[in-house]
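Look at the sequence and the model below before reading on.

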Amino acid sequence: MEKGKKIWMDGKLVDWDQANVHILTHTLHYGLGAFEGIRCYRCEDGRSAIFRLAEHTDRLFDSSHIAMIEIPFTRDEINDATVETMKASGLKDGYIRPIVYLGAGSMGVYPKSNPVRVAIAVWAWGAYLGEEGLANGIKVKVSSFCRTHVNAGMTKAKLSGNYINSILAKREVVAAGFDEAVLLDTEGYVSEGSGENIFMVKDGVLKTTPLTSILKGITRDSVMKIARDKGIEIKEERFTRDELYTADEAFFTGTAAEITPISEVDLRKIGAGKPGPVTKEIQKAFFDTVKGKNKKYEKWLRYL
Ligand SMILES: *Cc1c(COP(=O)(O)O)cnc(C)c1O
């Protein structure tokens, strides 16, 4: 991995190798921490732009609010720190990881006065599910692990501990020879991927899971706005795995995964088994948008 030169820790930039924590860091033991995944793209004109920074920072604050963690910085301070870290990284594009966590102090599941710590790291990260996957689609499998019940894990919060569920699902399907997992919700409907939201296309209509058991993805939101502006009908409606099997097209969305087409679900080809026209149109519009080629969505870019 190509590292950013500096990591922002609790208000200061430190060298990548100096960004260490104590072994009794509370979040390391119990998983109560909130994080974000943000991408910065190198644009056509050579400048770099962070995609939807304000929305990511808002979600970091929402996740922390749900977890009853009070961030000792303002939203503006975190936005500025993110820009500062990206600038100091020496990278033109990269993946940005802000994390809010509980430091060392008391142990046990009643952290009372542990310090709330914040860090922001950056590294270069290519296509999360592979260049080949972005171009030709990936093979996915419904996991035997379901997404957490809405009253067990908080699905609207990007909380560290929630990713145990994701890792179990991902490891299971990768071991079985697939690229990514689809998790069902506790009622058996399609929920999302291990770190991506899911869309399907049938007869020209886009469908995506409603905001019940899923993380409210910012890429999902961007795709919905782009699709609506293109006049593509879109429904937020739950659907079953067999509806997904018979979709014309399907794709995942996420900051890491970007727009990754799905070519197969549970060994069943989706449509022609390669990215379909709606997926390709949305994928192109998305990459044009993040790279500053689509002036209509300039408000989503924060240039460095
Ligand atoms: C981060 C994440 C997503 C995608 O959200 P984006 O804001 O688009 O990056 C979807 N589902 C889960 C479980 C995630 O962790």
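Two strands pair if DSSP finds at least two bridges between them. Helices (H or I, at least four residues) and strands (E, at least two) are DSSP runs, numbered from the N terminus. The model is predicted: local features need pLDDT of at least 70, side-chain atom pairs count only at pLDDT 80 or more, and totals for chains, interfaces and linings use all residues. Residues are numbered from 1 along each chain as its sequence is written, and side-chain values use heavy atoms, with hydrogens and water left out.

Start at strand β5, residues 38-42. It has two antiparallel partners. With β6 it pairs over three bridges, and Tyr41 stands opposite Ala49 of β6. The two strands form a hairpin with five residues between them, and Gly46 in the turn has a positive phi of about 95°. With strand β7 (residues 94-102), β5 also pairs in the antiparallel sense over three bridges; here Arg39 has Tyr95 as its bridge partner. Four of the five residues of β5 are buried, where buried means under 20% relative accessible area, exposed over 50%, and partly exposed in between (1.4 Å probe, protein chains only).

In soluble globular proteins, nonpolar side chains tend to be buried together. A nonpolar core is a set of buried Ala, Val, Leu, Ile, Met, Phe, Trp, Tyr and Cys residues joined through side-chain atoms within 4.5 Å. The largest one in this model has 26 residues, of which Phe199, Leu206, Phe251, Ile282 and Phe286 touch the most other members. At least two residues of this core come from each of β6 (48-51), β12 (197-202), α6 (218-229), α8 (277-290) and β18 (301-303). Helix α8 gives the largest share, six residues. Another core lies apart from this one; it has 25 residues, including Ile71, Val83, Leu102 and Ala157.

What does Phe286 touch, not counting residues up to four places away in sequence? With contact meaning heavy atoms within 4.5 Å, Phe286 touches Tyr41, Phe51, Thr219, Ile226, Glu258 and Ile259. Glu258 is found in strand β16 (residues 258-265). Because its relative accessibility is 5%, Glu258 counts as buried. Beyond its neighbours within four places in sequence, Glu258 is in contact with residues including Arg39, Tyr41, Thr219 and Phe287. Glu258 has a positive phi of about 55° although it is not a glycine.

Next comes the ligand. It has 15 residues around it, and Lys158, Tyr163, Ile218, Thr219 and Thr255 come nearest; a residue is near a molecule if one of its heavy atoms lies within 4 Å of it. For Arg59, a polar side-chain atom lies 2.8 Å from a ligand oxygen. Taken alone the ligand exposes 380 Å², and the protein buries 97% of that, with areas from the Shrake-Rupley method and a 1.4 Å probe.

Two loop residues remain. Met68 sits in the loop between α2 (53-66) and α3 (75-88). Met68 has a positive phi of about 55° although it is not a glycine, and at 76% relative accessibility it counts as exposed. Gly188 is in the loop between β10 (180-184) and β11 (190-193). Its relative accessible area is 32%, so Gly188 is partly exposed. The C-alpha atoms of Gly188 and Arg147, 41 residues apart along the chain, are separated by 9.6 Å.

Terms used: Polar contact = N/O pair within 3.5 Å; in protein donor to acceptor, adjacent residues only side chain to side chain.
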